[in-house]
Amino acid sequence: MINVIVVDDHPLMRLGIKSSLSKFADEIKVVGEASTADELFQVLPDLDVDVILLDIKMPGMPCDEAVKKLKSEYGDIKVIIVSSNYEEETIFRLVESGIDGFVPKMAKVEEIRNAISEVHLGSKYYGVDVSKIIKAVSDSRRLHSLSVSDFSDREKEVMQLCCDGLFSKEIASRLNISPRTVEMHKSNIFKKLGINTTIELLKWAISHGVVKI
C-alpha cells in the first residue's frame with residue numbers, strides 16, 4: 001500500500017484527486033490532505049507518508065522551498081508536482097529542488113496512479129512534455145556555460161573552418177592533418193556542445209565569439 005497526501009489550496013481539487021484515486025484503493029491510500037505547505041509540515045509528523053501530491057501555487061511557502069525542506073527533513077518521501085504551469089524556468093527550478101515527478105492537473109487518474117507507482121519504486125516521472133522542457137533548458141544552460149577555454153587550439157581551428165563552410169577533406173588539407181583526425185575533432189566538438197549540425201555549431205560559435213564572420 002502506498003500512502004499519499006494531497007496538498008492543494010482548492011478543496012474541490014483535493015476532493016477530486018482523492019475520489020479519483022479511490023479507484024485504486026487496493027494499492028494507493030490517501031492518508032491526509034493540506035491546503036498549504038505550512039499546513040503540510042504540521043500534519044506530516046503524525047502520518048506515515050510515501051508520496052506527496054503537491055500543487056505548484058499555494059499561499060505561504062513557495063513550492064520549490066517546500067520541496068527543498070521536504071527533501072531535507074523527510075528524504076524518503078517522494079514528491080510529485082501537480083500543476084498546469086509549464087513555464088520552463090519554473091519546471092527546471094523544481095527539478096533542481098528535488099521533485100520526483102510532475103503531472104498536469106488535467107491528467108487522467110491512470111497517469112496519476114502511474115506517477116505515484118513509478119516514484120514510489122525510485123524512478124522519476126515527468127511525462128513526455130515536461131521531459132522535453134527539462135532537456136531543452138538543461139541543454140541551453142550547458143551550452144551557455146561552455147567557454148572558449150573548453151576547447152583546444154586545434155578544435156578552435158577546426159571549428160572556425162567548419163563555420164567557414166569547408167568540408168573535412170578541405171580542412172585536413174588546410175591544417176595538414178588527415179581527414180580522420182578532422183572528423184575526430186569535429187566529433188569531440190559536437191559532443192561537448194551536445195549538438196548534431198554545423199548550423200548549431202555556427203550559432204554557438206558566433207554568440208561566444210569563437211569565430212568571426
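## Cysteines

The sulfur of Cys163 lies 6.7 Å from the closest cysteine sulfur, that of Cys162, which is too far for a bond. A disulfide is taken here as a pair of cysteine sulfur atoms within 2.5 Å, and the structure holds 0 disulfides. Cys163 counts as buried because its relative accessibility is 13%, and Cys63 counts as buried at 8%. Buried stands for under 20% relative accessible area, exposed for over 50% and partly exposed for values in between (1.4 Å probe, protein chains only).

## Basis of the model

This is a predicted model, in which local features need pLDDT of at least 70 and side-chain atom pairs count only at pLDDT 80 or more, while totals for chains, interfaces and linings use all residues. Residues are numbered from 1 along each chain as its sequence is written, and side-chain values use heavy atoms, without hydrogens and water.

An open sheet of 5 strands has the order 2-1-3-4-5 with parallel pairing. Its edge strands, each pairing on one side only, are strand 2 (28-34) and strand 5 (101-103). Strands (E, at least two residues) and helices (H or I, at least four) are DSSP runs numbered from the N terminus; two strands pair if DSSP finds at least two bridges between them. Strand 4 (residues 78-82) runs parallel to strand 5 and is joined to it by 3 bridges, and Val82 stands opposite Val103 in strand 5.

## Charge over a ring

The charged end of Lys69 sits over the ring of Phe41, 5.0 Å from its centre; the criterion is NZ of Lys or CZ of Arg within 6 Å of the ring centre and within 35 degrees of the ring normal.
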